[in-house]
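Subject: Structure handover

Hello,

Here is the structure you are taking over. My notes on it follow below.

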Amino acid sequence: MRTGKLPPELLTRLLRDLPRDERLLVRPGLGRDAAAVAAGDHVLILTADPVTFTAERAGWYAVHLSANDVACLGGEPRWFLATVIAPPDTDEAALAEVVADISAACIEVGAVPAGGHTEVSEAVAQIVVAGAMVGETTRERLFPSEAACTGDALLQVGPIAVEGTALLAREAAPRLAAAGVPRASIVAAAALLFDPGISVLPMARALWRLPGLRALHDPTEGGLASGAWELAAAAGLGVIVERAALLIHPLTREVSAALRLDPAGLLASGSLLASVDAAQAGAALAQLRAAGFAARRIGRVGSPDGGAILVEEDGTTAPLPRFDRDEVARLLADRR
């Protein structure tokens, strides 16, 4: 198999016959990055995600990625567990850095490290951190992807692909330089990892309070295009995305153009997709902008038989690309 996410059809088949539990309010499925479990008056949000693209700041990455998944279901991150697997040539300082990064990131998102597992193994070529986050919310503040409705406005909050742009600047700087990207742009692109950063917690908290919010999804591997496709697929619906409306960071445009990559298919942690009652979309956008977040209506949720459609900048339409293999993964694999 190719590197990247499993093909949706395969994932659906693998998950189809899993045991069920009546307390499991959100169960495994396409477009569902976290589970929700009824626990008395509260709902626990459970998610797990590995960091495999890079070993740099892997502990910090793992905390923020899992916290983002919790936030998309309306949960506050509470407890983090990490499985850390290191190759035999790893020194103590490298492991200490992973632990320090996990601790610092947990403080940033309001969670605490609660345990996990560490080992040295020849099965990996770099340090791999697989994180699991437990969060809390209520039934009233639960926003699963499957809650999206036909006719909803599709909002984007935060520019897409700052994560992919930063990763390319860090992992493929020589190739960017050879393609004519100035060193100042490469340095600035690498800094996007922290400013504006990959955390969606602040914008998620703002979205929770908005009128008409039905569903949230953070586009990660496979970029905004795959994220929009997943959100609609989880609800059994279609989606229409307008490329001209997408919020794309100028550095992302520069890096993508140099490497001939589609920004809509680049790792996109740091932005959010929201399915909002169309009648409330204008008010929601106004409140988001007043709170300091870049936000835009980029399309709508369609009917099940409408499929996933991309409206190009010239007004022509095409099937919305489904990047089962993220553009970053494709580029780095081609480099090898």
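Which residues lie nearest the centre of the second largest pocket? They are Pro196, Gly197, Ser199, Met203 and Gly270, out of 18 lining residues.

First, the ground rules. This is a predicted model, in which local features need pLDDT of at least 70 and side-chain atom pairs count only at pLDDT 80 or more, while totals for chains, interfaces and linings use all residues. Residues are numbered from 1 along each chain as its sequence is written, and side-chain values use heavy atoms, with hydrogens and water left out.

**The pocket**

The second largest pocket has a volume of about 260 Å³. Its lining takes two or more residues from each of α2 (58–72), α7 (193–197) and α8 (201–208). Helix α7 gives the most, with four residues. By class, the lining has 12 nonpolar, six polar and no charged residues.

Some terms. Pockets and cavities are found on a 1 Å grid over the protein atoms alone. A cavity is a set of points where a 1.4 Å probe fits but cannot get out. A pocket is an open set with protein on both sides within 12 Å along at least five of seven lines. Lining residues have an atom within 4 Å of a point. Grid points are joined across faces, edges and corners, and a volume is the space filled by probe spheres set on the points. Ala, Val, Leu, Ile, Met, Phe, Trp, Tyr, Cys and Pro count as nonpolar, Asp, Glu, Lys and Arg as charged, and the others, Gly among them, as polar. Helices (H or I, at least four residues) and strands (E, at least two) are DSSP runs, numbered from the N terminus.

**The cavity**

The structure holds one cavity of 30 Å³ or more. About 100 Å³ of space lies in the largest cavity. Both α2 and β8 (213–217) give two or more residues to its lining. That lining has 15 residues, with Gly31, Asp33, Leu73, Ser145 and Leu216 nearest the centre. Seven are nonpolar, three polar and five charged.

**The core**

Leaving aside neighbours within four places in sequence, Leu207 is in contact (heavy atoms within 4.5 Å) with Val157, Leu213, Leu216, Leu272, Ala274 and Leu288.

**Strand β9**

Is strand β9 (residues 238–242) mostly covered or uncovered? Mostly covered: four of its five residues are buried. Buried means under 20% relative accessible area, exposed over 50%, partly exposed in between (1.4 Å probe, protein chains only). Strands pair if DSSP finds at least two bridges between them. Four bridges join β9 to β11 (residues 295–302), and these two run antiparallel. There, Gly238 stands opposite Gly302. Another four join β9 to β12 (residues 308–311), and that pair runs parallel. Ile240 has Ile309 in β12 as its bridge partner.

**Two single residues**

His117 is found in strand β5 (residues 112–120). His117 counts as partly exposed because its relative accessible area is 38%. Beyond four places in sequence, His117 touches Ala82, Thr83 and Val84. Arg13 is found in helix α1 (residues 8–15). Arg13 is partly exposed too, at 46% relative accessibility.

Best wishes
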